[in-house]
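Please view the sequence and the structure first.

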Amino acid sequence: MRSKDKISYFYDGDVGSVYFGPNHPMKPHRLCMTHHLVLAYGLHSKMEVYRPHKAYPVELAQFHSADYVEFLNRITPETQNLFPSEMARYNLGEDCPVFDNLFEFCQIYAGGTIDAARRLNNKLCDIAINWAGGLHHAKKCAASGFCYINDLVLGILELLKYHPRVLYIDIDVHHGDGVEEAFYFTDRVMTVSFHKYGDKFFPGTGDMKVLLY
């Protein structure tokens, strides 16, 4: 990284207050811990720090189906038992539970990625960071793998407004299936995912042999 690089860093403390439930491996409070490390090491002084906007439903619907976005907006832990068919249709439940402030959580992390892409598009920064984002399993009409809104797809769509092609590199231990699926039939986005495969490891896709044929 060059010393002259301009870095935009997006953070909203509200993401750390989200609780997926007991024994759930997703722990958003780790985002607060990461932010505290940034502050402790004085890294914030090297960056421009922004609070992301909460993505509007119409922004989320640039990729996700409007009915799915609307359901995420209105479902609550108290009402989820009233909608068993919708819960099953949108894959909400054990891995992707309904919790307090679910939609606001989605708005914050998606808003951060959208804002990051917009600043890059407008050449207001060289590097953009949104630790809350990266929920790469969410599908167009369903949640998957702890992911509800696919902020990465939304960010790429923003970048495509200014750039003819985008290279997406995913270094999560799980296959970035949601992003790959979203852009599978376009030559404007190349997705590269480095992940574990085999032994029934989630999500069970991303076999290199499939890509070679």
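## Salt bridges

A salt bridge is a side-chain nitrogen of Lys or Arg within 4 Å of a carboxyl oxygen of Asp or Glu. The model shown here is predicted, and the structure holds 10 salt bridges. One of them joins Lys 6 and Glu 48, with 3.5 Å between the closest N and O atoms. Lys 6 is in the segment before strand E1 (7-10) and Glu 48 is in strand E2 (residues 48-50), so this pair ties together parts that are 42 residues apart in sequence. Lys 6 is partly exposed, at 37% relative accessibility; Glu 48 is also partly exposed, at 26%.

## A pair between two loops

Arg 51 and Asp 12 form a salt bridge whose closest N and O atoms are 3.0 Å apart. Arg 51 sits in the loop between E2 and helix H2 (57-60), and Asp 12 in the loop between E1 and helix H1 (29-40), so the pair ties together parts 39 residues apart in sequence. Arg 51 counts as exposed, at 59% relative accessibility, whereas Asp 12 is buried, at 4%.

## A pair between two helices

Glu 158 and Arg 118 meet in a salt bridge of 3.4 Å, N to O. Because Glu 158 belongs to helix H6 (residues 151-160) and Arg 118 to helix H5 (residues 102-121), the pair ties together parts that are 40 residues apart in sequence. Glu 158 is buried, with a relative accessible area of 4%, and Arg 118 is partly exposed, with 30%.

These two residues belong to a network of salt bridges that links Glu 59, Arg 118, Glu 158 and Lys 161.

Definitions and conventions:
Residues are numbered from 1 along each chain as its sequence is written. This is a predicted model: local features need pLDDT of at least 70, side-chain atom pairs count only at pLDDT 80 or more; totals for chains, interfaces and linings use all residues. Side-chain values use heavy atoms; hydrogens and water are left out. Helices (H or I, at least four residues) and strands (E, at least two) are DSSP runs, numbered from the N terminus. Buried means under 20% relative accessible area, exposed over 50%, partly exposed in between (1.4 Å probe, protein chains only).
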